[in-house]
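Thanks for asking me to look this one over. Have the sequence and the model open beside you as you read.

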Amino acid sequence: MLDSIFAAVSDSTALTFGNAVLTILISLALGALISFTYMKTSPAGYSQSFTLTMVLLPVIVAIIILLIGSNVARAFSLAGAFSIIRFRSAPGDPKDITFVLFTMASGLACGVGAYGYAVLFTIILCIIMVILNRTGFGVRKSAQKTLKVTIPENLGYEEAFAEVFNKFNVAYELKKIRTTELGSLYELVYNVTLDEHTSQKEFLDAIRTRNGNLDLSLTMCPTTTAEY
């Protein structure tokens, strides 16, 4: 059974010069299309290095598949070589990871010679991504923020800002408390959810004047589940 599978794959992906050039050109075009779709669906910005990577990644995957072919020993050798590589990077946006898998799947399809299917699912997925982006699918009307407030040690923090939160109809959760300045100050870290109609400036001013001038900052809540 395995011999028949490898024979079928080998027949469809024979390593010839013409086949290699065709595979590289198609995978390069699909990578460029995927990269262009990513740029158009990323209003918050993107890095040039990542967009260039998406253009070349399908070509690299397709070349690897062409070189391996039906040679099992070569496949295990290549897997061992790649296991030596260690990538060190911070967790990325789930959308970025999805596009990386997208480009790898496109290159894989080109590498096995399924050019029609590669073009078909690439175009379909790119159209779906554009439609989801244009329709605002999954966009939240409320913004989740991290509110950090530094208060004197003699100020009770349990209900110090509850009145302000209720006034602006802000959902909140006290996530962390720690001392600073050798114990003379408390730093409070809240998770707050602000409605689209809530003025951040008025909200911060109300907290600042609630118990005197306080040192505070309002930043975007991180998307990871790590502790603050």
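Here are my notes, point by point.

1. Ground rules first. This is a predicted model, in which local features need pLDDT of at least 70 and side-chain atom pairs count only at pLDDT 80 or more, while totals for chains, interfaces and linings use all residues. Residues are numbered from 1 along each chain as its sequence is written, and side-chain values use heavy atoms, with hydrogens and water left out.

2. The overall layout. The protein has 8 helices and 4 strands, arranged along the sequence as α-α-α-α-α-α-β-α-β-β-α-β. Helices (H or I, at least four residues) and strands (E, at least two) are DSSP runs, numbered from the N terminus. Of the contacts with a separation of 6 or more, 71% join residues 24 or more positions apart; a contact means heavy atoms within 4.5 Å.

3. Surface and interior. The accessible surface is about 14600 Å², and 63% of that belongs to carbon and sulfur atoms. Areas come from the Shrake-Rupley method with a 1.4 Å probe, and for residues only the protein chains shown count as cover. Of the 228 residues, 29% are buried, where buried means under 20% relative accessible area, exposed over 50%, and partly exposed in between.

4. The buried residues of α5 include Phe99, Phe102 and Cys110, and their cover includes α2 (17-40), α3 (48-68) and α6 (115-134). Just after α5, Gly113 takes a positive phi of about 90°.

5. What about the cysteines? Cys110 counts as buried because its relative accessibility is 0%, and Cys126 is buried too, at 5%. The structure holds 0 disulfides, a disulfide being a pair of cysteine sulfur atoms within 2.5 Å.

6. A nonpolar patch. Tyr117, Leu120, Ile124, Leu125, Ile128, Leu132 and Phe137 make a nonpolar surface patch of about 720 Å². Such a patch joins nonpolar side chains (Val, Leu, Ile, Met, Phe, Trp, Tyr) within 5 Å, from residues with over 30% relative accessible area and no salt bridge (a side-chain nitrogen of Lys or Arg within 4 Å of a carboxyl oxygen of Asp or Glu). Ile124 sits in helix α6 and is partly exposed at 41%.

7. One backbone detail. Asn169 has a positive phi of about 55° although it is not a glycine. Asn169 lies in the loop between α7 (162-167) and β2 (171-180) and is exposed, at 66%.

Conventions. Buried < 20%, exposed > 50% of the residue type's maximum accessible area, 1.4 Å probe, protein only. Patch = residues over 30% accessible without salt bridge, like charges linked within 9 Å, V, L, I, M, F, W, Y side chains within 5 Å.
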